[in-house]
Amino acid sequence: MSALHARAAPPPAAVRRRPALAPPALPPTPPRARVRCAGAALNGRGGLTASEISRGITNTDLHLRQHVDDDHINWDANKEESRVWRRTMFTFPDWKRHRSSYRYVHHVFTILESRIVRGLLRPVAIITAFAVAVGAYHSLHAAAMLPALLPPLPVRRRLGTGRLAEGVASHAPRSRAVATAAAATAAAAAATTTRSYGRWNEGRRSFGRITTTCRDICRQMLALIPRDNVACRGLMARWLVAFVRCSKWYIREDEPLEEELRPWLEPRELKQLVASPHPPNFAILVLSHAVANSGLQDFAVVRLEEGLSSLSQSLSACDRLLNTPIPLSYTRHTARFLILWLLLLPLALWGLCGWGSVPMTALIAFVLLGIEEIGVSIEEPFSILALEQLCKKAERHISGMMLMDETTHALVQRQQAELAGQSEAMSWKMALDLSVWASAAAAPVKVKKAVACQNCPSSAQSDGLELYGYEVVAEYPHDARAFTQGLQYDTLCSGPPGAQSDCRAVFWESTGMYGHSNMRLVDVDTGAVLKQTGMGDQWFGEGATRLGNRLYQITWQTNTGFIYSVPDLKQLGTFSTPLRDGWGITTDDKLLVLSDGSDTLTWVDPAKGFAAVKRVVVNDGTRTVEYLNELEMIGGELWANVWQTNCIARICPESGRVKGWLLMQGLRDSLLRRNLGADMDVLNGIAWDHQRQRLFVTGKYWPRVFEVVPQPLDASDPALAARKNECYLRSRPYTAP
């Protein structure tokens, strides 16, 4: 499994992997520096961040905060950390759940899981405790159990059954006063929430305009800048992406700008951008100079400059929202009035309800404080907006247009030539039909969902195999110290099944090497290890997969596997496989599929003691494919890494027949060219997002996980023959039974 070994023959069992030595520690990526200024010590939370300095905030502002702001109020760490869970991007299934008729019952049963509710527990508990104290004081005073010097509370006697009408009449003025104050309090809290929603919506629209304007500028740039000016077109595309990322960094706290832009900018460009006092302005100035020096006609320059001006205005709108809250006198006075009214409420309710005033006070406090809490939570919109997903969408759109430019240009040129050569004018309908068919023919290949493998080769020849390259559409951070052996995509939600919020995209990842093997839960977007469970030093971890609410992990050179619970990764026990060695494992949702480094795949049934129920030999019709490693079930097909190669085989599980190859050469080299890792091993790790149809690949000690889309290649191209032959590291002749 290591690149250190020869490729001509299988290595001895004892040396097939590199020794159990940890890779050299990589230098930690520094977080965005928090620049401290004179007087910053006055702020209990530290000095200025780089983005605050870019927005013009100085040490003088820190002195002002000490005197005019509520700096003595500590921020709630748990509440701030939970804001990341509110960065929601909906898909079609999410919208269906969102408007479901069952949402009312679901929301009631999950009320204690709400982070808004958790944030209210402390103030509601204090107000409820005060209501209990009011009731206890009045009861003790009425029973003459308190010193005579203590005065009674200003509350009326509870209503007696014989004096109901008189009691109601005596309490009527007080009831009207309470009702009037309640209406005023609720209106003030609701007004705050309404204004905050307006700010949230404006922030969403402003940042959305940044991403859509960048996409539109890219479209205009590709159409207007001459095709032979490749340098200018590439530079503008890269710096449009840089501007989007810089804008997110500018309005968020502690965003890893340098790490996010490293795949897009050259080292010299990145260094100059990060060192600039205002990175978004730096990026837009680069774009302005690129437009001015592009050699375009005046009208084209004006159109592109209008787009750049729109970018600057949208960023200014975001800056204005971030720096100017709703007037503090309004929000603070509303909060003061709300709390004082709730504290006095038990005095007004005791004569009407007695001890029933305690739950009534708690319920009213929960409702009113909840309205105010929602308003304060969304007043600053950018920490709860899904800016990361919007940036990724902009990157995909810009990259997609760059990739489609050549195809669409050739399509238009060809159709114009055909139209010019015809004696009769072609109708617009026919022209539209041709465009639709041509676009469909050039569209990227999508992996279809299926219950069984389709279109498997039936002949005894291997010449008809489908070949695919790849397009990288996104990169995600990955622990460069992880010797990846198994990778599986999953979505974990903190609520009950069917909840559309509080969900996180994760990888179940199994790592190897003696003394360093573990099973871990990894966040897809950040690469952070959320949980992990280690194995004993005598075990070398291999592949892992989830089946139901259990994780199954196998080990190298043994038939022992481990079972873990989901999602807490508690080790529940072990199991034995019918194989003597463990390499890869996946599932078809009923059985487990195992590889042992040979050309044979084995299906085992956990319900029958992991007994083998099926075996197939993987072949292309004339020869077998050995060294099958990490496995993944995708659309009814088995996809398998071939150890020590850059190849992924697409296998029909019914027959073991290889129907195609994904040639992944170049991924590891792209990381090396960017100096992202010096100790990287081979490609290993396939994960499939069934819901959103996304394919992820990575490797051992790789610092990135790549999201890729397969692209069809011309199998008749002689240049691809050598690349395809690399996939057969070891094989033997195959004869169909």
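Five bridges join strand 18 to strand 19 (residues 658–663), and the two run antiparallel. Strands here are DSSP E runs of at least two residues, numbered from the N terminus; two strands pair if DSSP finds at least two bridges between them. This is a predicted model: local features need pLDDT of at least 70, side-chain atom pairs count only at pLDDT 80 or more, and totals for chains, interfaces and linings use all residues. Residues are numbered from 1 along each chain as its sequence is written, and side-chain values use heavy atoms, with hydrogens and water left out.

User: Which residue stands opposite Arg650 in strand 19?
Analyst: Strand 18 and strand 19 run antiparallel. Opposite Arg650 stands Gly660.

User: How many residues of strand 18 are buried?
Analyst: Buried means under 20% relative accessible area (1.4 Å probe, protein chains only). Cys647, Ala649 and Ile651 are buried on one side, Ile648 and Arg650 on the other. For strand 18 (residues 647–651), the buried count is five of five.

User: How many bridges join strand 17 to strand 18?
Analyst: Strand 17 covers residues 637–642 and runs antiparallel to strand 18. Asn641 stands opposite Ile648. The number of bridges is four.

User: Which side chain does a polar contact join to that of His478?
Analyst: His478 lies in the loop between strand 3 (466–477) and strand 4 (484–493). His478 is buried, with a relative accessible area of 10%. A polar contact is a pair of N or O atoms within 3.5 Å; within protein, one must be able to donate a hydrogen and the other to accept it, and residues adjacent in sequence count only if both atoms are side-chain atoms. At 2.8 Å, the partner is Glu509.

Note on methods. Buried means under 20% relative accessible area, exposed over 50%, partly exposed in between (1.4 Å probe, protein chains only).
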